[in-house]
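Reader: I would like to learn how to read a few features of a protein model. Please take them one at a time, with the general idea before the case.

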Amino acid sequence: RLVDFAPREIADFADALNWTLSQPWCDGCNVGTGGISYDGMVGLQLAASGDASHVKAVLAEFSPLDVYEDIAMPGGVPCTGFARDYRLATYSFEQNVPVAGVKNLPWYFSIVRNYVVGGVKPVEGIPIDDVLRDHALNWNMSRAFDELRFKDDTIDAGGGVAANNDAISIAESVLERLDRK
């Protein structure tokens with residue numbers, strides 16, 4: 001994935017919603033979503049999408065609306081520790097390696113990753129080595145933040161693709177769509 005909230009990733013949110021709606025334990029009408037940080041941002045993106053009339057509630061806790069102002073450069077000061085640790089943590093998930101060297105994420109994160117989730121699993125018969133090779137190309141947020149100095153800078157999203165702050169944040173258009181619902 002080139003950046004958080006790339007079009008393919010947003011399409012996955014709709015697939016997850018449709019799967020949820022089809023489950024026998026779901027009433028087929030009312031779904032709530034949310035989470036902390038990225039998961040809350042996912043909930044907001046999903047609720048704002050055209051296919052999400054069934055999403056009735058979103059609980060988004062510390063879900064930054066503006067990645068530059070809220071994470072990368074709060075108050076104009078570079079915040080590299082979080083981005084570095086986030087990259088170490090996501091790398092561990094994406095490459096099936098234990099979390100190591102993380103200082104600025106909750107203590108339980110490593111326990112959940114290393115002992116509960118355990119990493120990437122094969123999907124639909126795709127060999128795990130192919131999946132891991134694909135994941136090696138994923139966006140490195142820490143490196144991108146190192147290059148970021150001003151809000152309107154473009155960042156390296158990987159694979160020679162540039163992205164701006166709006167591409168990795170909850171854009172104003174998302175909030176406008178939510179306001180109309």
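Reader: Are H1 and H2 roughly parallel to each other or roughly perpendicular?

Author: First, a caution: this is a predicted model. Two packed helices are described by the angle between their axes and by the distance between those axes. Here H1 and H2 pack with their axes 10 Å apart and at an angle of about 80 degrees. Angles of 65 to 115 degrees count as roughly perpendicular, so H1 and H2 are roughly perpendicular to each other.

Reader: Which residues in H1 meet which residues in H2?

Author: From H1 come Glu9, Ile10, Phe13, Ala14 and Leu17, and they meet Tyr38, Val42, Gln45 and Leu46 in H2. By kind, the residues of this contact divide into 7 nonpolar, 1 polar and 1 charged.

Reader: How many residues does the largest nonpolar core have, and which have the most contacts inside it?

Author: A nonpolar core is read as a set of buried nonpolar residues joined through their side chains. The largest one in this model has 32 residues, and Leu17, Phe145 and Ile155 are those with the most contacts inside it. Two or more residues come from each of helix H1 (7-21), helix H2 (38-48), helix H3 (67-72), helix H4 (80-95) and helix H7 (141-147). H2 gives the largest share of this core, 7 residues.

Reader: What is phenylalanine 145 in contact with, leaving aside its neighbours within four places in sequence?

Author: With those neighbours left aside, phenylalanine 145 is in contact with Val67, Ile71, Ala72, Ala83 and Ile168.

Reader: Now the backbone. Where is serine 37, and is serine 37 buried or exposed?

Author: Serine 37 lies in the loop between strand S1 (31-36) and H2. Its phi is near 60 degrees, a positive value in a residue other than glycine. Buried means under 20% relative accessible area; serine 37 has 18%, so serine 37 is buried.

Reader: And phenylalanine 62, buried or exposed?

Author: Phenylalanine 62 also has a positive phi in a residue other than glycine, near 30 degrees. Its place is the loop between strand S2 (55-61) and H3. The cut-off for exposed is over 50%, so at 56% relative accessibility phenylalanine 62 counts as exposed.

Conventions. Residues are numbered from 1 along each chain as its sequence is written. This is a predicted model: local features need pLDDT of at least 70, side-chain atom pairs count only at pLDDT 80 or more; totals for chains, interfaces and linings use all residues. Side-chain values use heavy atoms; hydrogens and water are left out. A nonpolar core is a set of buried Ala, Val, Leu, Ile, Met, Phe, Trp, Tyr and Cys residues joined through side-chain atoms within 4.5 Å. Buried means under 20% relative accessible area, exposed over 50%, partly exposed in between (1.4 Å probe, protein chains only). Helices (H or I, at least four residues) and strands (E, at least two) are DSSP runs, numbered from the N terminus. Contact means heavy atoms within 4.5 Å. Axes are lines fitted to C-alpha atoms, for helices over the stretch in contact, and angles run from 0 to 180 degrees between N-to-C directions. Angles under 35 degrees count as roughly parallel, over 145 as roughly antiparallel, 65 to 115 as roughly perpendicular and the rest as oblique. Ala, Val, Leu, Ile, Met, Phe, Trp, Tyr, Cys and Pro count as nonpolar, Asp, Glu, Lys and Arg as charged, and the others, Gly among them, as polar.
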